[in-house]
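The following exercises concern one protein chain. Please study the sequence and the structure before reading each solution.

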Amino acid sequence: MQKKVILKVKPVLDESVKRLLHCTNFKSNLKVADLGCSSGPNALMVMYHIVTVINNTILGLNQEEVVVVLQIYLNDLFENDFNNVSKFLPNFYQRIQETGDKVGACFVNATPGSFYGRLFPNNYIHFFHSSYSLHWLSQAPEELTKGVESLNKGNIYITTTSPPAVYKAYFEQFQRDFKLFLKSRSDELKPGGSMVLTFIGREKDNEISHPSVVIGMVLKYMVLEGLVEEAKLDSFNLPTYGPTIEEVRQVIEAEGSFTLQMLKAFKMGWDANLQEEVVDSVLDSKMKGEFIAKYIRSVFEPILIIGFGKDIMEELFSRFAKKVSQLIELDTLEYTNLVMSMRKSVKRGNK
């Protein structure tokens, strides 16, 4: 899924990097960072795109003497398998050599840690990229489980039946996290530096179309059958939030460190990758449900195990696959993705 999203956002990424190269005097040493890189082959996909853009842009500017030294920083949480990422580096370096001669030395560094806080020195990075990471919060809203009774009783995320207090708690957690993210990146970016961010959102206030809602439905049925303890369901809330375009714009403008250059939404089906993985087969609803369940499990299982234990996972995702198979026959199951590019604002007194 992330690969599909990266390819969809590529024109935005290309334009932002071109603008950076035109407007920034980086003295042939360009520092870029990918936040939430994960550990698969997609970890280096965006960086290869950036190398291609650098080569083409410098050639277009007729700056034949310029050779860029590229410093790449791959960031994810401490438990991320950076050793696995390193296995893809030989092929990555080989591909860079084949793209052209405008990128000379290239240094790839691992930078473990949460992006909800500082990762780099002041005025250090030229360009930040993040794909499919910022919808994850630093934590689930604490307000949901502070009282005697859970505010989000019977659910693990926001649903159309959730009380306003649940939405408020999630949005306020997103505000705190995203403002901290923006402030941290602004401090770390050089003057004129920029970012391209993509994450899951939602189209309008009352739309909740996310696999976590379906997971919650399945868990609720398992509680009724005595397979899951009700107390575990009531006390568990996923640390994720899909904001609307208006909410994202509101937080960026309120934080004040960045000038928003572009912000838009695009849709992508939950089964977007299925056509590539299944060749010469009829894609029925059962196959789609099983495919979606497979990749959703890879994303959500680690955190669900913390709340519900490992023993129920097989049953949970088997039921999830069946439920998705039913829903996909009735409606189009799509993510609303938000993509934005922004530039570090020039503070008063600075030029």
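**Exercise 1.** Which element supplies the largest share of the lining of the second largest cavity?

*Solution.* The model is predicted: local features need pLDDT of at least 70, side-chain atom pairs count only at pLDDT 80 or more, and totals for chains, interfaces and linings use all residues. Residues are numbered from 1 along each chain as its sequence is written, and side-chain values use heavy atoms, with hydrogens and water left out.

Step 1. A cavity is a set of points, on a 1 Å grid over the protein atoms alone, where a 1.4 Å probe fits but cannot get out; lining residues have an atom within 4 Å of a point.

Step 2. The largest share, 4 residues, comes from α1. Helices (H or I, at least four residues) and strands (E, at least two) are DSSP runs, numbered from the N terminus.

**Exercise 2.** Explain why the length of helix α1 agrees with expectation, and state where the helix bends.

*Solution.* Step 1. The expected span is 1.5 Å times one less than the number of residues. Because α1 (residues 2–23) has 22 residues, it should span 32 Å; its end C-alpha atoms lie 30 Å apart, which agrees.

Step 1. A bend of about 50° occurs at V9, and a proline, P11, follows within four residues. The bend is the angle between axes fitted to the seven residues ending at a residue and the seven starting there.

**Exercise 3.** Identify buried residues of α1.

*Solution.* Step 1. Buried means under 20% relative accessible area, with a 1.4 Å probe and protein chains only.

Step 1. Among the buried residues of α1 are V5, V9, V12, S16 and L20.

Step 2. An α-helix has 3.6 residues a turn, so residues three or four places apart point the same way.

Step 3. For the protein chain, 53% of the 351 residues count as buried.

**Exercise 4.** Describe the largest pocket and determine which element gives the most to its lining.

*Solution.* Step 1. A pocket is an open set of grid points with protein on both sides within 12 Å along at least five of seven lines. About 1,600 Å³ of space lies in the largest pocket. Its lining has 47 residues, of which S38, Y132, W136, S298 and V299 are the closest to its centre.

Step 1. Helix α10 (285–308) gives the most to this lining, with 10 residues.

Key. Buried means under 20% relative accessible area, exposed over 50%, partly exposed in between (1.4 Å probe, protein chains only). Grid points are joined across faces, edges and corners, and a volume is the space filled by probe spheres set on the points.
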